[in-house]
Amino acid sequence: MGAMDRYPHLFLPLDLGFTALKNRLLMGSMHTGLEEAENGFEKMAAFYAERARGGVGMIITGGIAPNAEAGSGAKLATSGEAAQHRIVTDAVHRADSDVKICLQILHEGALAPHKSCVSPSGVKSRISAFTPIELSEDGIEKQITDMVNCACRAKEAGYDGVEIIGSAGYLLSSFLVEKTNQRTDKWGGSYENRMRFPLEVVRRIRQAVGLEYIVIFRIAAMDMLQGGMSWDEVVQLAKRMEQAGVNIISTHFTWHEASVPTIATMVPRAAFSGVAGRLRKELSVPVITSNRINMPDVAEEVLARGDADLISMARPMLADPDLVQKTLEGREDEINSCIACNQACLDHLFNGQNVSCLVNPRACHELELTYEPVIKAKKIAVVGAGPAGLSFATVAAGRGHDVTLFDKAVDIGGQFNLARKIPGKEEFSETIRYYRRMIDVHHITLRLNTEVTADMLRAAGFDEVVIATGIQPRLPEIDGISHAKVVSYIEVIKGYKEVGQKVAIMGAGGIGFDVAELISHTGKSTALDIDAFAREWGIDFKNHPRGGVTDVEPVVVKSDKEIYLMQRKATPVGRGLGKTTGWTHRLTLARRGVKMINDVDYLKIDDEGLHITIGGVPDILPVDTIIICAGQTPFRALFDDLKDSELNIHLIGGAYEAGELDAKRAINQASRLAAVI
Ligand code: FAD
Ligand code: NAP
Ligand code: SF4
């Protein structure tokens with residue numbers, strides 16, 4: 001079956017009148033940090049050109065500011081700056097002249113991270129450190145003029161169009177909502193007046209760029225704010241935008257300050273597309289939907305349902321630049337899926353680090369991390385088929401080396417086989433599926449159920465040996481640690497040991513939180529059930545009250561267990577979790593009644609329970625089960641046996657360093673070694 005038979009909607013071109021998109025998949029806007037990096041334009045050119053070659057119909061760049069007050073990052077306001085952007089647009093069009101690239105104009109308004117940020121009424125956002133300056137009427141005119149100028153410079157730079165972001169709490173959206181727009185002049189008050197600013201921006205941009213230029217408006221179709229936009233207001237704005245001359249409406253969900261997750265891994269795939277579908281029925285211009293659409297079959301379903309005309313994927317294009325091409329060629333099982341972890345993309349962005357991807361460390365490093373074919377193939381043994389061993393084997397064999405991959409377990413995946421059992425982390429199975437397929441594609445010899453010993457390796461004549469044997473859980477030295485109440489997280493996740501009604505979790509790192517999620521969870525995983533997700537987060541998709549959430553109480557099922565999640569540090573529990581997702585885990589567990597306790601000292605374990613001090617005050621937790629999640633140490637038995645051998649040995653992943661090890665570091669380290677070996 002051809003691609004058009006398998007994906008009749010996805011590969012249908014979209015006629016915009018003066019131009020056409022070759023398919024329905026676009027790369028959504030995502031700030032990468034390359035915008036401000038040294039040689040950033042060359043790096044962006046390589047990054048976007050690789051995605052263009054990979055088959056997307058259209059690319060929207062990361063947000064670019066129209067002036068200094070709009071943000072602290074890259075700006076486009078002059079012809080000199082436009083000339084630099086040419087490097088990017090030329091590279092994309094050279095890669096595939098049918099691919100369109102549009103510049104996102106981002107005016108961050110009150111969220112711009114500096115003292116001269118501006119907003120309609122000077123209302124400070126709860127997620128910003130700065131109180132914005134209230135715009136005068138002249139100031140408003142200046143912002144419009146600057147945004148129009150930015151669009152003209154984008155055209156001069158060779159972009160095929162612009163996307164104007166009117167959502168997320170940025171400037172345009174802050175005019176729409178009463179909470180942030182308390183003006184009494186013609187720019188505030190009635191909804192007609194509150195719409196004036198975004199409408200004027202779009203109307204004047206259209207006037208300046210002419211009719212034959214793509215103009216996209218990104219609307220907050222459900223802003224997730226208490227007292228946010230009503231459905232009627234969303235529809236009214238979208239219709240007026242149509243009249244003002246946009247070619248495409250792109251739906252966006254949530255303001256950054258809202259307390260509802262919209263892209264984390266526990267959000268079901270395509271959870272918000274139904275909202276886009278309702279809006280599409282009201283409009284005649286094409287509608288884009290986005291959020292947690294990471295595989296082509298999901299995209300096709302959304303289009304077939306009539307929920308959208310176009311699918312935006314941002315993070316999935318970091319994870320696999322060839323997603324579309326693989327889909328076209330019927331190689332969907334070779335797609336390296338985005339698992340929505342945010343660990344190397346959004347967490348990096350909000351920590352001021354360069355964006356990349358946990359499952360694809362080449363993302364945003366295209367010029368520096370390359371996987372060149374080898375001139376002379378080596379015979380390489382890889383011991384351990386966890387994320388580190390798998391990524392090493394895939395890259396090394398992909399370059400042409402002769403790789404044998406060993407694991408003592410019955411299957412590949414290492415600790416990802418535990419991670420994927422946690423409710424809300426089902427996407428981790430996709431990574432295992434990807435590597436399983438890579439083993440076939442790259443003809444890696446796989447030896448499961450094989451505990452490798454030093455003697456085996458010495459006898460086998462390998463040119464290189466890569467030890468990726470992972471970690472062993474740390475067992476704290478506490479009086480009574482061998483008591484029958486004590487179990488390991490592995491035994492709990494695998495279901496080997498029963499967990500009682502009163503439970504203490506010793507250690508509140510990533511795994512402690514995951515275990516608390518597992519044992520406090522009831523019903524279906526929110527990642528697999530939109531209704532369960534909506535109930536848990538207080539979203540009313542059906543009636544769409546203001547913001548989708550106004551006065552909707554989250555329905556949280558309290559855990560029937562009494563659970564204590566503890567750490568020794570005096571810092572708030574969960575502070576070390578991912579910046580963009582940690583809050584969801586803390587909030588969920590707190591709502592379920594899990595007691596999170598810091599500043600704990602563990603004294604002993606006996607029949608009475610766990611003896612501790614909290615802030616120096618003695619206490620006894622009369623628990624039935626104590627689950628140890630106290631971090632890990634490298635598992636290096638094999639390495640130690642081989643240390644003095646003649647073999648060329650390399651140590652990667654948890655076996656190299658277990659402290660603060662995560663899959664991001666394991667895959668990155670392994671891929672970088674495999675790129676040069
Ligand atoms: P491992 O995954 O431990 O793999 C080591 C492999 O070596 C194992 O398969 C083992 O069987 C094999 N092995 C050992 N000795 C031998 C031998 N002598 N012969 C043959 N085979 C051998 N990380 C994140 O980044 N994000 C997350 O959200 C996340 N969630 C997690 C949730 C849970 C519940 C757990 C347990 C871990 C999670 N992690 C997460 C951590 C992540 O899984 C690890 O950092 C990662 O698996 C480490 O990779 P590795 O390849 O070094 O080791
Ligand atoms: P971790 O995040 O380092 O947490 C270890 C926990 O154990 C901490 O709470 C630590 O807190 C405690 N601890 C350390 N030494 C101890 C000791 N001797 N006695 C008692 N408690 C001790 O490690 P992890 O939870 O094992 O996770 C392993 C890796 O997987 C981490 O890198 C983590 O980021 C990653 N992971 C990530 C996610 C995610 O969602 N991103 C999920 C799961 C795992 P105190 O020292 O304060 O007691
Ligand atoms: Fe997706 Fe995680 Fe990669 Fe971000 S880091 S693109 S969320 S897989």
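Modeller: Begin with the residues that surround a ligand. Around ligand 1 there are 34 residues, and those that come nearest are Gln343, Asp407, Lys425, Gly654 and Ala663. Keep in mind that this is a predicted model.

Colleague: Which backbone atoms lie by an oxygen atom of ligand 1?

Modeller: A polar contact is a pair of N or O atoms within 3.5 Å. In this site, polar backbone atoms of Gly654 and Ala663 each lie 2.8 Å from an oxygen atom of ligand 1. For Pro387, a backbone N or O atom is 3.3 Å from an oxygen atom of ligand 1. The protein buries 92% of the 1000 Å² that ligand 1 exposes when taken alone.

Colleague: Which helix gives the most to the shell around ligand 1?

Modeller: That is α14, with 3 residues. By class, the shell around ligand 1 holds 17 nonpolar, 10 polar and 7 charged residues.

Colleague: How many residues surround ligand 2, and which are the closest?

Modeller: Ligand 2 has 21 residues around it, the closest being Ala508, Ile511, Arg568, Lys569 and Leu661. A polar backbone atom of Ala508 is 2.8 Å from an oxygen atom of ligand 2, and a backbone N or O atom of Ile511 is 2.9 Å from an oxygen atom of ligand 2. At Ala630, a polar backbone atom is 3.5 Å from a nitrogen atom of ligand 2. On its own ligand 2 has 880 Å² of accessible area, and the protein covers 77% of that.

Colleague: What makes up the shell around ligand 2, by class and by helix?

Modeller: The classes are 7 nonpolar, 7 polar and 7 charged residues. Helix α18 (residues 510-520) gives the most to this shell, with 3 residues. Domain 2 and domain 3 each provide at least three residues of the shell around ligand 2.

Colleague: That leaves domain 1. How far apart are the C-alpha centres of domain 1 and domain 2?

Modeller: Those centres are 40 Å apart. In the contact, domain 1 takes part with 6 residues and domain 2 with 5 residues. About 460 Å² is buried between domain 1 and domain 2, and carbon and sulfur atoms give 40% of that area. Of the area that domain 1 buries against domain 2, 67% is supplied by Thr265, Arg269 and Met295, more than any other three residues.

Terms used. Residues numbered from 1 in each chain as written. Chains lettered and ligands numbered in written order. Predicted model: local features only at pLDDT ≥ 70, side-chain atom pairs only at ≥ 80, totals over all residues. Heavy atoms only, no water. Near = heavy atom within 4 Å. Polar contact = N/O pair within 3.5 Å; in protein donor to acceptor, adjacent residues only side chain to side chain. Areas by Shrake-Rupley, 256 points an atom, 1.4 Å probe, with all protein chains shown as cover. Helix = DSSP H or I, 4+ residues; strand = E, 2+ residues; numbered from the N terminus. Nonpolar A, V, L, I, M, F, W, Y, C, P; charged D, E, K, R; others polar. Domains from an automatic or database assignment. Contact = heavy atoms within 4.5 Å. Buried area = accessible area lost by both parts, 1.4 Å probe.
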